[in-house]
Amino acid sequence: MQAIHRLLSTAFAYMEDRVDPPSSLRRMTPSTFAEEARTKELWALLDPAPVACMVLTPRPGHLYLGKLAVAEGQRGRGIARLMLAHADARARALGLPALVLQTRVELTENHAAFTRLGFAETARTAHAGYDRPTSVTFTRTVAWPEPAP
């Protein structure tokens, strides 16, 4: 779990001085990710160290996608699309019709990336104690295979 924590810490470092409130990753440790793996679905792509990861959490009506990260040297190779295809497969297996994720209001490049990946903005919410939106919720309908003729 140290390698997962290191991947996420490195991948999310760019937002450190940009988001308010600070990312929840600040409070997370390798032990946190061990607990995530026990109580949710922690997925990683290894080569041999983690080059991508995500946490999937089944919720009523959707599969929540959290902490999606791809190592900087691996970006632009379709790995995020591969991870999302797996998230779609997990949602289908669980009978859930949508993937939902959140990103911070300030991270407009993430908004554009998730839009390119088929997500649409569905809500804006505020963290406790804030009187303005701090997060943007994005939703994507799960791709279901066409029935055989």
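What is the volume of the largest pocket? About 1300 Å³. The model is predicted.

**The pocket**

Of the 46 residues that line the largest pocket, Phe12, Leu68, Thr103, Asn110 and Phe114 are the closest to its centre. Five elements each supply at least two lining residues: β2, β3, α3 (79-93), β4 (98-104) and α4 (108-116). β3 gives the most, with seven residues. By class, the lining of the largest pocket has 21 nonpolar, 14 polar and 11 charged residues.

**Helix α1**

Helix α1 spans residues 2-11, and its buried residues are Ile4, His5, Leu7, Leu8 and Ala11. These sit on the same side of α1, because they cover an arc of only 160 degrees around the axis. An α-helix has 3.6 residues a turn, so residues three or four places apart point the same way. Gln2, Arg6 and Thr10 are exposed on the other side of α1. The cover over the buried residues of α1 includes α2 (30-39), β1 (41-46), β2 (50-59) and β3 (62-70).

**Backbone geometry**

Most residues other than glycine have a negative phi, and most peptide bonds are trans. The model has cis peptide bonds at aspartate 20–proline 21 and at aspartate 47–proline 48.

| Cis bond | Omega | Place of the proline |

Lysine 67 has a positive phi, near 50 degrees, though it is not glycine. Lysine 67 lies in strand β3. β3 is also the element that gives the most to the lining of the largest pocket.

Conventions: Residues are numbered from 1 along each chain as its sequence is written. This is a predicted model: local features need pLDDT of at least 70, side-chain atom pairs count only at pLDDT 80 or more; totals for chains, interfaces and linings use all residues. Side-chain values use heavy atoms; hydrogens and water are left out. Buried means under 20% relative accessible area, exposed over 50%, partly exposed in between (1.4 Å probe, protein chains only). Helices (H or I, at least four residues) and strands (E, at least two) are DSSP runs, numbered from the N terminus. The arc is that of the directions from the helix axis to the C-beta atoms. Contact means heavy atoms within 4.5 Å. On a 1 Å grid over the protein atoms alone, a cavity is a set of points where a 1.4 Å probe fits but cannot get out, and a pocket is an open set with protein on both sides within 12 Å along at least five of seven lines; lining residues have an atom within 4 Å of a point. Grid points are joined across faces, edges and corners, and a volume is the space filled by probe spheres set on the points. Ala, Val, Leu, Ile, Met, Phe, Trp, Tyr, Cys and Pro count as nonpolar, Asp, Glu, Lys and Arg as charged, and the others, Gly among them, as polar.
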